[in-house]
Amino acid sequence: MALRHAALAALLEGELSGYQLAKAFDLGVANFWHAQPQQLYAELKRLEEDGLVEGREIVQESRPNKRLFRVTDAGLAELESFTAAVAKPSFIRDDLLVKVQAADHVDTRALIARLTERAAAARARIDLFGNLLRTMRGDRTEEEFLLHGDRVGPYLTCTRGLAFEEGNRDWCERAAGVLRERERARARH
């Protein structure tokens, strides 16, 4: 997947400025595709040059003018083609896992601290995803929303982000617990 597809998918929410796209990325797309704001601005320029998005300038009195972008028919066709293509399997690439791999040969106190930090970050993201899901659902149950909601795609990707962070939290807490127990056992002997 290229950044272009993630940006096009985020723009399906409606006409957005570059700033709004970056915010939308942070709240939704970032759980499966990370990009810096400057990368998004550069990608918007390329998408517009390729005819996949269309921009229009909004004149503002007390602020600098801004550009709003929307997906074109060619952009929708690009997403359609991307969606139909076989998806490559994902894989984990995480420096924390490399550190844990070395746990038997290093001082584990710092490693336990990193695992504890990662678990705390996962808990914060779990709260964020929970709030986003509740906002998307409104007063409907999840089952009602999944059957009758206007935009189920962002909801489903958010549930994947939630499951990912729950898995991160659980694994980090378990790994830190195992390492603590091993330290205690070594101290007793």
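## Close-up views of a predicted model

View 1. Gly18 lies in helix α2, which covers residues 18-27. Everything in these views comes from a predicted model. Is Gly18 buried or exposed? Its relative accessible area is 8%, and buried means under 20%, so Gly18 is buried. Setting aside neighbours within four places in sequence, Gly18 is in contact with Tyr41, Leu44, Arg67 and Phe69. Look for Leu68 as well: Gly18 and Leu68 are 50 residues apart in sequence, yet their C-alpha atoms are 7.3 Å apart in space.

**View 2. A sheet of three strands.** Here you can follow an open sheet of 3 strands in the order β1-β3-β2, with antiparallel pairing. Strands β1 (16-17) and β2 stand at the edges with a single partner strand each, so one side of each has no neighbour in the sheet. Helix α3 (residues 37-49) packs on this sheet and touches β2 and β3. The direction of α3 makes about 110° with that of β2. As a reminder, strands of a sheet pair through backbone hydrogen bonds, either parallel or antiparallel.

View 3. How many bridges join β1 to β3? There are 2, and these strands run antiparallel. Leu16 stands opposite Phe69 in β3, while Ser17 has Leu68 in β3 as its bridge partner. Turn next to β2 and β3, which also run antiparallel and are joined by 6 bridges. Arg56 has Leu68 in β3 as its bridge partner.

View 4. The side chains of Arg70 and Glu54 meet in a salt bridge of 2.8 Å, N to O. Arg70 is in strand β3 (residues 66-71) and Glu54 is in strand β2 (residues 53-58), so this pair links parts of the chain that are distant, 16 residues apart. Arg70 has 36% relative accessibility and counts as partly exposed. Glu54 is partly exposed too, at 41% relative accessibility. In general, side chains of opposite charge can pair when their charged atoms come close.

**View 5. Arg118 reaches a loop.** Which residue does the side chain of Arg118 meet in a salt bridge? The partner is Asp94, at 2.8 Å from N to O. Arg118 lies in helix α6 and Asp94 in the loop between α4 (73-84) and α5, so the pair ties together parts that are 24 residues apart in sequence. Arg118 is partly exposed, with a relative accessible area of 26%. Asp94, with a relative accessible area of 22%, is also partly exposed.

**View 6. A salt bridge from helix to helix.** In this view the side chains of Arg123 and Glu173 meet in a salt bridge of 2.6 Å, N to O. Because Arg123 lies in helix α6 and Glu173 in helix α8, the pair ties together parts that are 50 residues apart in sequence. Arg123 is partly exposed, with a relative accessible area of 35%. Glu173 counts as partly exposed as well, at 39% relative accessibility.

View 7. Find Arg4, Glu43, Arg46 and Asp50, which are linked in a network of salt bridges. How many salt bridges does the count come to? The count comes to 17.

**View 8. Thr108 in helix α6.** Thr108 is in helix α6, which covers residues 108-137. Its relative accessibility is 4%, so Thr108 counts as buried. The side chains of Thr108 and Glu183 are joined by a polar contact of 2.6 Å. Apart from neighbours within four places in sequence, Thr108 is in contact with Ala103, Leu179, Glu183 and Arg186.

**View 9. Helix α8 and what covers it.** Helix α8 (residues 152-188) has 37 residues. From the first C-alpha to the last, α8 reaches 54 Å, close to the 54 Å expected at 1.5 Å a residue. Which residues of α8 are buried? Among them are Tyr155, Cys158, Leu162, Glu165, Cys172, Ala176 and Leu179. An α-helix has 3.6 residues a turn, so residues three or four places apart point the same way. The cover over the buried residues of α8 includes α5 (95-101), α6 and α7 (142-148).

Technical notes. Residues numbered from 1 in each chain as written. Predicted model: local features only at pLDDT ≥ 70, side-chain atom pairs only at ≥ 80, totals over all residues. Heavy atoms only, no water. Helix = DSSP H or I, 4+ residues; strand = E, 2+ residues; numbered from the N terminus. Buried < 20%, exposed > 50% of the residue type's maximum accessible area, 1.4 Å probe, protein only. Polar contact = N/O pair within 3.5 Å; in protein donor to acceptor, adjacent residues only side chain to side chain. Contact = heavy atoms within 4.5 Å. Expected span 1.5 Å × (residues − 1). Salt bridge = Lys/Arg side-chain N within 4 Å of Asp/Glu carboxyl O. Pairing = 2+ DSSP bridges. Axes fitted to C-alpha atoms, helices over the stretch in contact; angles between N-to-C directions.
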